[in-house]
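Here is a short briefing on surface, interface and core. Please keep the structure open while reading.

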Amino acid sequence: MTTTTATRSPAEITLITLAFVFAAALLVVPLAVIFAFALREGLGVYLSNIAEPSTVHAIGLTVLTSLIVVPINIAVGICVAWLVTRFKFPGRQVLITFIELPAAVSPIVAGTVYLFLYGGQGLLGPVLQGAGIQLMFTVTAIILVGLFVTAPFVARELIPLMQQQGTEDEEAALSLGANGWQMFWFVTLPNIRWAILYGAILTNARVMGEFGAVSVVSGSIRGQTNTLPLQISQLFNDFNVTGSFAAASTLALMAVLTLILKSTLEARGGWR
Amino acid sequence: MNKLLATAVAAVVLGTSPVFAQPTDILNASYDIARELFEAENAAYAATGATVTVNQSHAGSSAQARAVLEGLAADVVTFNQVTDIDKLVDGGFVSDDWASEFPNNAAPFYSFPAFLVRAGNPKGISDWGDLAADGVQVIFPNPKTSGNGRYTYLAARAWAIEEYAGDEAKIEEFLTKLFANVPVFETGGRAATTAFTERQLGDVLVSFEAEVLSVKKQLGADKYDAVTPSVSFLSEFPVAIVDKVVDARGSRDLAKAYLEFLFTPEGQEVAAANFHRPSDDAVLAAHAADFPEIRLVTVDEAFGGWDKVAAEHFADGGLLDKVFLNQ
Amino acid sequence: MAQRRSKHLLPGFGLTLGVSMLYITIIIALPLLAMLLKVGGMGWEEFWRIVASNRSLAAYRITFSSAFIATIFNGALGLLLAWVLTRYSFPGKRILDALVDLPFALPTAVAGLVLVTLFAPTGWYGQLLEPNGFKVNYTQAGIIIAMTFTSIPFVVRTVQPVLEDIQVDLEEAAKTLGATPWQVFSRVIWPTILPAFMAGCVLSFARALGEFGAVVFIAGNLPGKTEIVSLLIFIRIDEYNYEGAAALAFVLLVAAFCLLLLTNALQSWQTRYADRSR
């Protein structure tokens, strides 16, 4: 695998250079600009921007949403993957299409369909309001659209892997007398845990950063239903560009962490 | 199915939001440009010893009315137009005697559509007629979502009624040209300001005087000039308690005390400092230097009251739709 | 790929079917149904008036053409990156590989904020471009750049594994038979990666069509010029014009659904292709 510089062809050098130029212009510089702008008025201003109560609350709400959404979608993703890779049944393809659909639609559409379900004019909104339950413009609505937009992420990682792994190990475990849960814990789970983690990281990144769907169903109440992306947008509209970048830098850190975790997992995983 | 769903979601709701405790916070749903105003009002209110936390939500006034109708749990609304509160009255959220609950028809402050132009006023804009000229680009928010935008329409029409002596064909022609000069209708007043200042769109921003003066102060008098037209339209900013919400939450006293504060000299002082003209004459007089003279027509003088305006101008297919080809 | 289906021999069918169905019904199907009912309740004429109005047509044109251009660019860039990452070894390769996923990891609102700042007249890129008469912010170029950024990884990540799997002996054989590098690429490599490349392009296009967060920051949002469909839906909601929002959302949903079916078809084509070449 060791190619020394001396043996590189001109084409190779050109292509590698091009790749680095594009990556620098499109990926590195945008990442750098976030921190440059967040810190341009000094570390003190940066820290006080982060400590701004409405920003602190937005960070808390964003983390809370992720803490609820990620475990639920991991559990559901495992269920769906088990179902479609271990059994054949009518409607299987329809089920896969449904679970994949949220990733394909615009986040605005995701928010809109929830408005038509739970809004005052919606399908269930009036019934729920009659029962004293308000969903639109609450944290619950933010969590629900978070579940929707990230529904496919874990299943999408697990389905190809579990298909490829086949069922021999699991059948062997059963024939050796293991019950269903034992089989799952000791045979299935160890085989898929890295893929689950991988899916969870993607789910987390998306749910923390969701903007379009959340902006439809959140009332954008500072200190209540403002997630970080909404807070960034509001600060920007308030002419507070530095504050906006400070809030953005927290999400950028999350993104960098995501990339590091992902690349570490890929290096040790090898399921893809 | 519904019941199962309701139970499932109820579990989540109860787990995440404090619904039973005695409320210590209220939510103020307000118009787009009032972010800084209510931040200052809330700080001043807290300085009086009030312990309540007042949360803010800002967007176009009508978009906010929609949100409250959809269930945004606002204890109080501080809108910029009576028609938006009337929507809440129609929806059963606000009692129909709301205007008598507070002094001055429940309007603690007022403003009017004014112009902000680029430094030196390169297009020579001085009055409403200049906005319909060829080659002038005008920025103001969407009249369907923003009270600010509807006031602009009403002020322009009020000027045209005088200018063209009530000739409806000429008035409509003027308004059609004015609306055609608008490249983008943002959904809120602040977004329109951002379009004008950050995106450098348009030659003139039409927004409340409160926004015009505050932008000029914030972004630099060397970059923008404020222009006061010959006549404008009195824009009183009404406030109301959302009965349906405060009754459900048990927050009526908190809501009432907060809105009453806006009418006190301290509250009025904060409004004036944020370029909203206070309804208290003494406070207004003290700030006379900040506010230029202007002739303001009222909704009753020009259009025979808000109900008539809502029915004739703002209803679907009304006079506004004739000039605002929003398809 | 050997796979033996054991009919319900493994446990958990009832449980996983129950959980999956319940979740899909509540979280995905029911909200979609609510929108379909809204659209179904408005009547054909009303629906057509909304989806075929001039402003809607302009929004489709802007959205689709921008997504198309972004996809072409990402196709080329994706191919380049996938090639470099699989065929060469060089310092910084792992970092480059990890960076490719940045657009998936970075929230779209942050991407929008960053791009609008970079391309502002005083921004790092804007001050180079604007004096040369190339304005990005608040033009269609801005929409294209936002869409490009948010969908960079798709083509790379679909082509990369296929390129890794191409048997080197096939290439070597072609070379010993006297094929030029270009012939090796066009006759051997390109046909093999084509299905994956197409699938990546369709995914990239679908993502670009739906992109909202990054675009609203940098697009001027001018009706007929820089207004995308997602934004028009958002405006209709704010206007309390729910019919308008529902009809347009339906159009986007149908487009997404068609693209999803196309991706699935391309992926099964790719799987067949891979099986055959093995």
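Trp185(A) counts as exposed because its relative accessibility is 51%, and the cut-off for exposed is over 50%. The residue lies in helix H10 of chain A. This is a predicted model.

**Surface patch**
- Trp185(A) belongs to a nonpolar surface patch with Trp181(A), Phe186(A), Leu15(C) and Val19(C).
- Together these residues have about 610 Å² of accessible area.
- Two elements give two or more residues each: helix H10 (180-209) of chain A and helix H1 (13-40) of chain C.
- H10(A) supplies the largest share, 3 residues.

**Contact between chains A and C**
- Chain A brings 96 residues to the contact, and chain C brings 86 residues.
- About 8,100 Å² is buried between chain A and chain C. Carbon and sulfur atoms give 78% of that area.
- Leu27(A), Phe87(A) and Phe116(A) supply 9% of what chain A buries against chain C, more than any other three residues.
- The count of salt bridges between chain A and chain C is 1.
- Lys262(A) pairs with Asp101(C) in a salt bridge, with the closest N and O atoms 2.3 Å apart.

**Nonpolar cores**
- The largest nonpolar core has 291 residues.
- Ile34(A), Phe233(B) and Ile233(C) have the most contacts inside this core.
- A second, separate core has 15 residues, including Ala195(B), Phe196(B), Leu201(B) and Leu222(C).

Note on methods: Residues are numbered from 1 along each chain as its sequence is written. Chains are lettered from A and ligands numbered from 1 in the order in which they are written. This is a predicted model: local features need pLDDT of at least 70, side-chain atom pairs count only at pLDDT 80 or more; totals for chains, interfaces and linings use all residues. Side-chain values use heavy atoms; hydrogens and water are left out. A nonpolar core is a set of buried Ala, Val, Leu, Ile, Met, Phe, Trp, Tyr and Cys residues joined through side-chain atoms within 4.5 Å. Buried means under 20% relative accessible area, exposed over 50%, partly exposed in between (1.4 Å probe, protein chains only). Patches are made of residues with over 30% relative accessible area and no salt bridge: like charges are joined within 9 Å, nonpolar side chains (Val, Leu, Ile, Met, Phe, Trp, Tyr) within 5 Å. Accessible areas come from the Shrake-Rupley method with a 1.4 Å probe; for residues, only the protein chains shown count as cover. A salt bridge is a side-chain nitrogen of Lys or Arg within 4 Å of a carboxyl oxygen of Asp or Glu. Helices (H or I, at least four residues) and strands (E, at least two) are DSSP runs, numbered from the N terminus. Contact means heavy atoms within 4.5 Å. Buried area is the accessible area (1.4 Å probe) that two parts lose on being put together, summed over both.
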